[in-house]
Amino acid sequence: MTETIPRPHGGVAGAGAVAAAEPGNSLLLCAPLGIEARALRRGLREARGGRGDGIPPCAGGSGGSSPRASTDRPPEVTLLRTGYGTTRAARQAERLSHRPFGQMMIMGVGGGLTIDLSPGDLVVGTEVGAVSCPSAPLLAGELRRAGLPARTGRITTVDHLIRRPQRAALAAEGALLVDMESAPLAAAADGRPVAVIRAVSDTPHHPLAGIVSGGLAALRSLRAAAPVAERWAAACGTRRVLLAGPRSFCAGVERAIEIVERVLQRQGAPVYVRKQIVHNTRVVGDLTRRGAVFVDELDQVPDGATVVFSAHGVSPAVRAQASRRGLAVIDATCPLVSKVHAEARRFAADGYTVALIGHAGHEEVEGTLGEAPDSTVLVQTTEDVARLRPRDEERVAYLMQTTLSVDEAAEVSAALRERFGSVRAPGSDDICYATTNRQAAVRAVAAESDLVLVAGSANSSNSVRLVETCERAGTPAHLIDSAEDIQLGWLAGAQVIGLTAGASAPPAVVEEIISALAGLGPVSVSERVTTTESIRFGLPKEVRQ
Ligand code: SF4
């Protein structure tokens with residue numbers, strides 16, 4: 001099934017902006033002041049190894065480069081000094097409306113509005129006046145990777161210098177930075193990709209009196225940020241995003257999160273959770289803000305408190321420790337992990353050596369190994385199978401971690417079958433439905449994509465397996481926790497981007513990634529659905545209504 005959802009790509013907020021011209025990789029780099037333009041020119045020149053070629057002079061001239069389709073060629077950069085203040089900015093904006101360019105970046109200094117900003121910090125505008133700049137998270141991430149302190153936030157433009165009370169009022173309205181030019185200039189982008197980076201020259205703690213030192217810090221940051229503007233322009237272009245279906249949360253993850261939410265609702269904070277409830281930094285961060293306390297071991301849980309066991313399961317030794325400590329346990333172990341535990345117990349009780357196919361150190365594997373530690377051996381590779389010394393070669397069984405690569409696990413299980421002709425397999429597949437489905441879906445998408453982005457955290461086994469699935473199919477893939485992790489260099493020349501999310505990654509991350517990509521040019525979104533899922537797991541009795 002294919003569904004197409006065209007996305008606007010930034011522009012005037014709420015106006016459903018339409019591109020004035022097909023974005024190409026020709027960057028109009030606007031700097032209000034000559035000193036700002038010079039800092040940017042120097043930064044661009046340094047990034048090109050001292051050459052200034054390809055950067056037309058800093059002047060308010062006309063002409064410019066024609067937009068062209070996105071390629072992996074470096075963008076043409078036209079550096080334009082637009083003049084100080086809103087009046088000059090508005091006049092320049094009027095001229096720009098007749099000028100062809102692919103994308104616009106506005107860079108200069110500005111006044112920080114919050115006390116956590118320091119001179120030299122960079123603010124990447126998410127909204128600038130009435131103009132939205134959805135690619136801001138991509139830029140902020142790229143600036144941070146370049147070692148620069150960057151934040152995203154709203155930038156407000158005013159028409160005169162303002163004092164401390166007015167700045168406080170703007171901050172109270174949610175603005176992070178104030179300047180005197182960006183809004184009219186950004187409006188002139190008229191639906192083409194636009195971004196604003198302002199370097200903080202003064203803050204509530206470092207007011208205008210300190211403008212010289214603050215200004216120098218700001219100009220240094222601008223210079224260092226200039227090459228990032230060029231990379232942003234190279235990443236701009238028209239794209240297709242292919243969504244893999246299914247993707248994101250599985251039934252076990254939804255259940256585990258709901259359990260913690262319900263315990264928080266009933267008992268209030270703090271609620272102790274042993275290990276990350278699911279392997280995702282966004283989910284863990286969100287629940288932490290709401291009062292969940294994630295601990296590595298039960299020693300960190302106060303006597304008599306309630307503790308939730310994570311979706312990955314625990315060994316019987318952990319259950320026994322909780323019981324000795326008098327802790328009230330609520331078990332969020334996924335029922336499909338519990339099934340593997342039960343199989344381990346059954347095989348061990350029947351005298352089998354259990355070969356557990358999985359990854360060393362993963363919490364799920366540790367929990368399963370703990371069910372029958374004397375009878376279970378971890379096998380990660382076919383070499384491990386060759387080294388296996390069971391008590392009785394006629395009584396060998398195998399089980400699997402639920403989040404393995406289907407292909408890799410098949411190789412290891414085939415080696416076990418070859419070596420031990422009578423090996424017993426699990427009653428039904430241990431690799432869970434969610435892992436299998438997401439791998440099949442991303443394989444379908446990878447076949448059509450230049451690049452695949454996988455939303456998920458680095459410690460999420462099933463997310464890492466999705467990246468490997470793409471790579472095995474010959475398509476480059478990257479694991480990202482959020483849009484900020486996307487490197488602009490990956491996007492240059494990539495016109496079809498596959499997008500999926502691991503079973504522990506929230507659907508909202510996928511939306512944020514699409515939105516950020518839409519800030520680089522028009523994006524059409526299609527979905528490749530290889531199967532649909534309707535599985536739900538019941539909640540434990542302690543949190544049922
Ligand atoms: S990935 Fe599979 S085993 Fe893990 S929580 Fe989800 S459904 Fe359960």
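**Entry 1: the open sheet**

I began with the open sheet, in which 3 strands follow the order S17-S16-S18 with parallel pairing; two strands are taken to pair if DSSP finds at least two bridges between them. Helices (H or I, at least four residues) and strands (E, at least two) are DSSP runs, numbered from the N terminus. I noted that this is a predicted model, in which local features need pLDDT of at least 70 and side-chain atom pairs count only at pLDDT 80 or more, while totals for chains, interfaces and linings use all residues. Residues are numbered from 1 along each chain as its sequence is written, and side-chain values use heavy atoms, with hydrogens and water left out.

Returning to the sheet in the order S17-S16-S18, I found its edge strands to be S17 (376-379) and S18 (396-400), each of which pairs on one side only. From one strand to the next the twist averages 30 degrees; for angles, axes are lines fitted to C-alpha atoms, for helices over the stretch in contact, and the values run from 0 to 180 degrees between N-to-C directions. Strand S16 (residues 353-357) runs parallel to S18 and is joined to it by 5 bridges, and Thr 353 stands opposite Val 396 in S18. Helix H10 (residues 335-349) packs on the sheet and touches S16 and S18, its direction making about 170 degrees with that of S18; contact here means heavy atoms within 4.5 Å.

**Entry 2: Gln 401**

The side chain of Gln 401 reaches the backbone nitrogen of His 359 at 2.9 Å. Leaving out residues up to four places away in sequence, I listed the residues that Gln 401 touches, among them Leu 356, Ile 357, Gly 358, His 362, Ile 431 and Ser 461.

**Entry 3: H14 against H15**

Next I looked at helix H14 (residues 433-446) and helix H15 (residues 461-472), whose axes come within 9 Å and cross at roughly 30 degrees. On the H14 side the contact is made by Thr 435, Arg 438, Gln 439, Val 442, Arg 443 and Ala 446, and on the H15 side by Asn 462, Arg 465, Leu 466, Thr 469 and Cys 470.

**Entry 4: Gly 502**

Gly 502 is in the loop between strand S21 (496-501) and helix H17 (507-518), and I found it buried, with a relative accessible area of 0%. The C-alpha atoms of Gly 502 and Ala 455 are separated by 6.2 Å, although the two residues are 47 residues apart along the chain. Setting aside neighbours within four places in sequence, Gly 502 is in contact with residues including Ser 248, Phe 249, Arg 438, Asn 462 and Leu 466.

**Entry 5: Arg 528**

I located Arg 528 in strand S22 (residues 523-529) and noted that it is buried, with a relative accessible area of 17%. A polar contact of 2.8 Å joins its side chain to that of Glu 448; the term covers a pair of N or O atoms within 3.5 Å, and within protein one must be able to donate a hydrogen and the other to accept it, with residues adjacent in sequence counting only if both atoms are side-chain atoms.

Methods
Buried < 20%, exposed > 50% of the residue type's maximum accessible area, 1.4 Å probe, protein only.
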